[in-house]
Amino acid sequence: MRLAFMGTPDFAVPALLALHAAGHEIAAVYSQPPRPAGRGQSVRLSPVHQAAETLGLPVRTPARLRTNADEHAAFRDLNLDAAVVAAYGLILPAAMLDAPRLGCLNIHASLLPRWRGAAPIQAAILAGDSESGVTIMRMDEGLDTGAMLLSDQVALTPATTATTLHDALAAMGARLIVTTLNQPVGPGQPQPEQGVTYAGRLTREDGRIDWSRDAAALDRQIRALTPWPGTFTTLDGQVLKIGGAALVSAPRSAPPGTILDDALTVACGQGALRVTRIQRPGRGMMDAGSFLRGQPVPAGTVLGS
């Protein structure tokens, strides 16, 4: 088929590579514009932009689409069979949704209608869901409300992190979109009205650890929000990022946030967490043992919420 591919982050790259390898003609790749990133704030291409250039594909990077009539016309003039969208980051107006012969197909990282919205991977882990997955959806003007074409699922375990789930679903989405386009693309199955949930955009504040919460909930928070936006606590006014933790039996009762031993075990509202990965300002993430050799944290110390 003659396609446009629209995506920006790492999640979308496997789908672009798979569609190219499957022999589809990718007339254009759309991605977010290059932006400053990293400590040096040097301008960087998005992961999809980089992959497209490696494949020798033309890339378009409009900063806006909703009222951009020139882009609407350019998109229509591509004469596409379909557009494939994966975490693109811009809302497609009706003029673009309706332009391809088969419409615009979205690779969404959840089992719709659960976790419509911006952060479905993190939301599934935060909520303690038993499974997640990918849905290939025919896009309409709603927020992830379109008809479903194909889906698959993966079990979530106590060891699942945002990183491992992201990678699994990116690979799954690549496989499913190729399968979808290898068969007649029908109207799809409307989403059920029951079971709709929303995963809003995450902010840095979502990563603040409140030690009065249940240890199991905090474990899910750390697994869901690492590496981004990251989870953090404070020690004597110093912000410490928490990159990993393990549920443990509390050796004794203490107020939430209290260090219980010499291994960074922290009392929670119920249960305890042993911090396994931690980062102080200006340093890299390290294992707890290395951190404690440079900055001992004695039992009885209270971490901020």
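The lining of the second largest pocket comprises 5 nonpolar, 3 polar and 2 charged residues, where Ala, Val, Leu, Ile, Met, Phe, Trp, Tyr, Cys and Pro count as nonpolar, Asp, Glu, Lys and Arg as charged, and the others, Gly among them, as polar. These lining residues are T8, P9, Q32, P33, P34, R35, A37, R44, S46 and P47, and the pocket has a volume of about 160 Å³. Pockets and cavities are both found on a 1 Å grid over the protein atoms alone: a cavity is a set of points where a 1.4 Å probe fits but cannot get out, a pocket is an open set with protein on both sides within 12 Å along at least five of seven lines, and lining residues have an atom within 4 Å of a point. Grid points are joined across faces, edges and corners, and a volume is the space filled by probe spheres set on the points.

The model is predicted, so local features need pLDDT of at least 70 and side-chain atom pairs count only at pLDDT 80 or more, while totals for chains, interfaces and linings use all residues. Residues are numbered from 1 along each chain as its sequence is written, and side-chain values use heavy atoms, with hydrogens and water left out.

The largest pocket holds about 1500 Å³ of space, and of the 39 residues that line this pocket, the closest to its centre are A87, G89, G117, A118 and R201. Strand 7 (104–108), helix 5 (120–126) and helix 6 (162–181) are the elements that give two or more residues to this lining, helix 6 providing the largest share with 4 residues; helices (H or I, at least four residues) and strands (E, at least two) are DSSP runs, numbered from the N terminus. By class, the lining of the largest pocket divides into 23 nonpolar, 10 polar and 6 charged residues.

In an open sheet with mixed pairing, 7 strands follow the order 5-2-1-6-7-9-10, two strands being paired if DSSP finds at least two bridges between them. Strand 5 (59–60) and strand 10 (148–155) are the edge strands, each pairing on one side only. Strand 1 (residues 2–7) runs parallel to strand 2 (residues 25–30), joined by 5 bridges, and L3 has I26 as its bridge partner in strand 2. Strand 1 also pairs in the parallel sense with strand 6 (residues 82–86) over 5 bridges, where M6 has V85 as its bridge partner.

Strand 1, helix 1 (residues 13–21) and strand 2 make a right-handed β-α-β unit; a crossover is right-handed if, with the strands pointing away from the viewer, the path from the first strand over the helix to the second runs clockwise.
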